[in-house]
Amino acid sequence: MAPVPNKDQKQGGGFFASIASSLSDFSSAMHNSVNGLLGFEGLEVINPEGGTEDAEQEAQRGRWKQEDRDSYWKTMQKYIGSDVTSIVTLPVLIFEPMTMLQKMAELMEYSHLLDLADNCEDPYMQLVYASSWAISVYFPYQRTWKPFNPILGETYEMVNHGGITFIAEQVSHHPPMSAGHAENEHFTYDVTSKLKTKFLGNSLDIYPVGRTRVTLKKYGVVLDLIPPLTKANNLIFGRTWVDSLGDMILTNLTTGDKAVLYFQPCGWLGAGRYEVDGYVYNAAEEPKILMTGKWNESMSYQSCDMEGEPLPGTGPKEVWRVADVPKNDKFQYTYFAHKIKSFETAPRKLLASDSRLRPDRYALEKGDLSKASSEKSSLEERQRGEKRTREAKDHQFTPRWFDQSDEIAATPWGDLEVYHYNGKYSKHRDAIDTSDCIEEVGIQSTEFNPWQYGNIDAE
C-alpha cells in the first residue's frame, strides 16, 4: 500500500510537498548528465525502471531507426516550447490503430463503479467509487503509441457494454476539440476535450484542457472532474514511457464534498511511480476517507479521523483493481481496447463517420504501414480541401450531435468552449434500433465519410 500523507504534509498546502522538490533535483541531474553525454541540449533520457544500461545505451532504444530518428529530431527542434497538437505531421510508425475518439471511450471500461456510486446513499462513498472510476483510465493511457487525430466531423459509437450508449464527435479541427456523451440507467457522462501540449525536445507535456461532468441519476448528484497533467518521455531518444503527476480533483457540485488525489511523479529508479494518495473531504474540507493505491494496479479506501489518520481497528478495503490484460500485445492493448476498436461494440447501421471505418487506421491494424501512411495523408489533404470549400462558401462547420454553448469553462490550463449533447443521436439510434431493417456492419460495407460536403447528410 502507498504511504499515507501525514498531518504536516496535509497542512502545508498539499500532499507530499517534498516530492516536488525531489522531482526538481532529479530532473536537473538527469538533464545535465545525459545531455552532456549525448550532445543534445534540452533532452532528457531516463529509464524509469532503473536498470544497468548507461544513458548512451538507453538512448539507442526505442522504435526509431537511427537515420529516421536523427532526421526527425532536426525537424522537430524548431518546435521546442510550442503546442504541437495540430501543427506537426507525425510519422505513422508511432501510431496505434485507434483514434482519440475511441480512446475517450476507454473511460467506460470500469463504468460499473459509477453504477455503484449511483446506488450508494453515502455521499463520501459515492466519491470513492467515482474517483476510482476516473483513476481507472490511466492504466490504458500509459500506452506509448499515439492515437490518430480525428477528422473534423468524425464520430465514434459504442453500445453492448454495461447498458451504455456512447457517442463522441470531433467538433473542431483548429484547435482540435472532441465532445462525448455516455448514458445508461445509472448515470450520464458529458465531456468537452481540448488537448494542449508543450513540446520539450524529447518529451511532451499534455495538459487536459477539458470539462467533464457525471450525473448520478438516482440522487441527482453532479460531479465535476479536473484530471492531472500527463507527460510523455523519451519520444525520440530512449525508451518511451508515460507518467501522470499532480492533483486529480473530483467535486460533488451538489453538496460541495470532493476527492483530492495526488498522482506522484516518477522519482529515482522508478520510486513513487504510479502511486496515488489522497482524501475524500466534506464541504467543510475535513478529511473523511483516506484513499491510496496505484493507478496501474488498484485503489483502496479507509475511514480516517479529522487529522487524516486511519481510524483504529480499520483496514484498507479494495474498491478497484485492473483487469487481466493480454500478454505481449503489440500495442499494449487491454481486452477492452480490442473490443472498442472492433465491431463487437458497434451498433446496428454504424454511422459512416465512425472511426472504425477509417482506411488509415484499418491499414495500420493490418500491419500495412505504407498504406496507412498514404491513406492518412489522403484524409488530411481532403480535410484541408473541405476547409477551403467551407471558407469559399463562408460556411461554418456545424457538429451533428453536439451544440456549442455560450458557456466558457475555466480550467487550470486555459479557458474552454463547452459543447452540450443535443439529444439527436438518441433519437437517431432509437429509430435504427426499432427498425425491422437489419444491416450488417463491416469494414467492406461502408465507406468512411465524415465530410460535410459529402453524402453523410443523406443518412
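A: Let's start with Arg429, which counts as buried because its relative accessibility is 3%. Here, buried means under 20% relative accessible area, exposed over 50%, and partly exposed in between, using a 1.4 Å probe and protein chains only. Before going on: this is a predicted model, where local features need pLDDT of at least 70 and side-chain atom pairs count only at pLDDT 80 or more, while totals for chains, interfaces and linings use all residues. Residues are numbered from 1 along each chain as its sequence is written, and side-chain values use heavy atoms, with hydrogens and water left out.

So what does Arg429 touch? Leaving out residues up to four places away in sequence, Arg429 meets Glu157, Pro347, Arg348 and Lys349. Contact means heavy atoms within 4.5 Å.

Arg429 is part of helix α12, residues 424-433. Helices (H or I, at least four residues) and strands (E, at least two) are DSSP runs, numbered from the N terminus. Along with Arg429, the buried residues in α12 are Tyr425, His428 and Ile432. Looking down the axis of α12, these buried residues fall within an arc of 95 degrees, so they line one face of the helix. That arc is taken from the directions from the helix axis to the C-beta atoms. What do they pack against? The buried residues of α12 sit against β3 (155-161), β4 (164-172) and β17 (414-421).

Just after α11, Asp394 has a positive phi of about 55 degrees.

Next, the greasy interior. A nonpolar core is a set of buried Ala, Val, Leu, Ile, Met, Phe, Trp, Tyr and Cys residues joined through side-chain atoms within 4.5 Å. The largest one has 58 residues, and Met108, Trp133, Ile135, Met158, Phe166 and Tyr189 touch the most other members. Helix α7 (residues 123-136) gives the most to this core, with eight residues. Apart from it lies another core, of 17 residues, with Met177, Val209, Phe402 and Val418 among them.

Finally, the whole picture: the protein has 12 helices and 17 strands, and buried residues make up 53% of its 459 residues.
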